[in-house]
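This report concerns aromatic ring pairs and the contacts between protein and DNA. The structure under discussion follows.

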There are 2 protein chains.
Amino acid sequence: MRIGQLAEATGTTTKTLRFYEESGLLPPAERLASGYRDYTEDAVGRIGFIHRGQAAGLTLAQIRQILEIREHGQTPCSHVQGLLGQRLGELDAQISELLALRETISQLHEKASKPEPDSCSADQVCRYI
Amino acid sequence: MRIGQLAEATGTTTKTLRFYEESGLLPPAERLASGYRDYTEDAVGRIGFIHRGQAAGLTLAQIRQILEIREHGQTPCSHVQGLLGQRLGELDAQISELLALRETISQLHEKASKPEPDSCSADQVCRYI
DNA sequence: CTTGACCTTCCACTGTACTGGAAGGTCCAT
DNA sequence: ATGGACCTTCCAGTACAGTGGAAGGTCAAG
């Protein structure tokens, strides 16, 4: 399977696949006599794993860690559990930050909806912010 | 007021202030005979505005837009209202994405908390992802 | 008169996940 | 033999908001 076919099969681009290889997320592919990369079916699963990891909010660096543990013959279960727990904590923090920000902006937005341009004094940039 | 004092007064760094000037967020400061930047009190307010804008989730580019409108002698009220409304929409989208992601990860995390390593087959990277 | 804190400019780099484009090689059909 | 689709490498750039460091100038205190 050539790189273009793999890209199509996995819904990505050849650029991205080469980037993944260079980043250590995909093992270097076998080469045909022409120099073209020649992928096996495994690659499809591997890229699926990368995509699922991304959908779970893991960074490529974290996904690479899991892959490396697996390559060293270990089962990365507890590591994955740790990563997911960590991610959960980050998400909770991020969500409450965004909710607070939403509250702030919502108030600013409401204030700005009843404009009183007269009260825009020259010494401030904007009455609302 | 020299740049270091302004940095301290506004809780930022000299690097950042020079970066703001270069980015058009701060008007080029007057210079002393020595070549040192010499700031007036205005600068403190201006940087406060930048910080409040950032706290409201605006990008430096958006803050610069507001500043430019103000510099052209117009009151940026309606523009600011637009920006805030837009930001509100983005925030809502971002929050619901994160909530969905949180749900996904939470389920994965729970699955991973009852490990059954026997079922980790060799042909997949990780049973949980 | 020297030390140290502070200032100047300029260039390059950080992290994240790609993306764009140039120059050239390969393969298959017409 | 030629056109087009596909592949190769390498270099550089995107957005964002700064950060790091080198080489050198300025100023007040001791």
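Phe19(A) is partly exposed, at a relative accessible area of 42%, whereas Tyr20(A) is buried, at 5% (buried means under 20%, exposed over 50% and partly exposed in between, with a 1.4 Å probe and protein chains only). In chain B, Phe19(B) is partly exposed at 43% and Tyr20(B) is buried at 5%. The model is predicted, so local features need pLDDT of at least 70 and side-chain atom pairs pLDDT 80 or more, while totals for chains, interfaces and linings use all residues. Residues are numbered from 1 along each chain as its sequence is written, chains are lettered from A and ligands numbered from 1 in the order written, and side-chain values use heavy atoms, without hydrogens and water.

Over all chains, two aromatic pairs are found. Rings of Phe, Tyr and Trp (its six-membered ring) pair if their centres lie within 6.5 Å; planes under 30 degrees apart are stacked, over 60 edge-to-face and the rest tilted.

| Pair | Centre distance | Plane angle | Class |
|---|---|---|---|
| Phe19(A) and Tyr20(A) | 6.0 Å | 45 degrees | tilted |
| Phe19(B) and Tyr20(B) | 6.1 Å | 45 degrees | tilted |

DNA strand C has 19 residues around it, and Lys15(A), Tyr36(A), Gln54(A), Gly4(B) and Arg18(B) come nearest (a residue is near if one of its heavy atoms lies within 4 Å).
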